[in-house]
Amino acid sequence: MYVISKDQPEEQKLLHDELEKTFGQSLPFISDPELELIDGVGMKNGDVAYRGYAIIAPDGQVVLKQVNDYWGQELDKTVEDIKEAYDAL
């Protein structure tokens with residue numbers, strides 16, 4: 001799992017460190033300033049990315065894409081969606 005955003009690595013490090021401090025761990029971050037990977041997943045929204053989550057299979061196929069500004073507030077549903085798609089791989 002990775003967190004992918006348009007933000008520069010310096011900006012991502014702030015969030016990474018805050019997540020690690022708050023939860024005891026974080027995820028690796030990938031900087032995609034040109035939105036190439038984000039666009040490939042279908043999560044590009046103009047010059048920014050939609051908020052949400054996706055699963056990309058090892059062969060590059062997008063098996064789950066969910067645009068959802070509230071994925072963190074709806075964590076039970078988020079986890080259920082991800083687990084279901086992951087198990088189907």
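**Notebook: helix H3 and the rest of the chain**

I began with Ala85 and found that residue in helix H3. I was working on a predicted model throughout.

**Entry 1: Ala85**

Is Ala85 buried or exposed? I looked up its accessibility. Ala85 comes out at 12% relative accessibility, so I noted this residue as buried, the cut-off being under 20%. Next I asked which residues Ala85 is in contact with, leaving aside neighbours within four places in sequence. I got Ile55 and Leu64. I then checked the distance to Ile55. Ala85 and Ile55 are 30 residues apart along the chain, and their C-alpha atoms are separated by 7.7 Å.

**Entry 2: Thr78**

I stayed in H3, which runs over residues 75-88, and moved to Thr78. Thr78 has a relative accessible area of 4% and is buried. I set aside the neighbours within four places in sequence again. That left Tyr53 and Trp71 as the contacts of Thr78. How far apart in space are Thr78 and Tyr53? I read 8.4 Å, C-alpha to C-alpha, for a pair 25 residues apart in sequence.

**Entry 3: Trp71**

Trp71 had turned up as a contact of Thr78, and I followed that lead. I placed Trp71 in the loop between strand S6 (62-67) and H3. At 37% relative accessibility, Trp71 counts as partly exposed. Beyond four places in sequence, I found Trp71 in contact with Gly52, Tyr53 and Thr78. Tyr53 is therefore a contact of Trp71 and also of Thr78, where contact means heavy atoms within 4.5 Å. I also took one distance from Trp71 to another part of the chain.

**Entry 4: Gln12 and helix H1**

I turned to Gln12, which is in helix H1 (residues 9-23). Is Gln12 buried or exposed? I found a relative accessible area of 5%, which puts Gln12 among the buried residues. Which residues does Gln12 touch, not counting those up to four places away in sequence? I listed Ser5, Asp7, Phe29, Ile30 and Ser31.

I then looked at H1 as a whole. H1 has 15 residues. From its first C-alpha to its last, H1 reaches 20 Å, close to the 21 Å expected at 1.5 Å a residue. Gly24 follows H1, and I read a positive phi there, near 85 degrees.

Leu35 has a positive phi near 60 degrees and is not a glycine. For background, I recalled that most residues other than glycine have a negative phi. Leu35 is also buried, at a relative accessible area of 4%.

I went on into H2 and picked Asp39. Asp39 is partly exposed, with a relative accessible area of 43%. I checked Asp39 against Glu11, 28 residues away along the chain. Their C-alpha atoms are separated by 21 Å.

**Entry 5: the whole chain**

How many helices and strands does the chain have? I noted three helices and six strands. Along the sequence I read the pattern β-α-β-α-β-β-β-β-α. The radius of gyration is 13 Å, close to the 12 Å that the globule rule gives for 89 residues, so I recorded the chain as being as compact as a globular protein of that length. Along its principal axes, the C-alpha trace spans about 35 × 30 × 25 Å.

I looked up burial next. Of the 89 residues, 18% count as buried. Among them are Gln12, Leu35, Thr78 and Ala85.

Last, I checked surface and charge. The chain exposes about 6,800 Å², and carbon and sulfur atoms supply 52% of that area. I noted 8 positive and 19 negative side chains. The centres of the two sets lie 2 Å apart.

Technical notes. Residues are numbered from 1 along each chain as its sequence is written. This is a predicted model: local features need pLDDT of at least 70, side-chain atom pairs count only at pLDDT 80 or more; totals for chains, interfaces and linings use all residues. Side-chain values use heavy atoms; hydrogens and water are left out. Helices (H or I, at least four residues) and strands (E, at least two) are DSSP runs, numbered from the N terminus. The radius of gyration is taken over C-alpha atoms; the globule rule is 2.2 Å times the number of residues to the power 0.38. Buried means under 20% relative accessible area, exposed over 50%, partly exposed in between (1.4 Å probe, protein chains only). Accessible areas come from the Shrake-Rupley method with a 1.4 Å probe; for residues, only the protein chains shown count as cover. Lys and Arg count as positive and Asp and Glu as negative; His and the chain ends are not counted. The place of a charge is taken as NZ of Lys, CZ of Arg, CG of Asp or CD of Glu. The expected span of a helix is 1.5 Å times one less than its number of residues.
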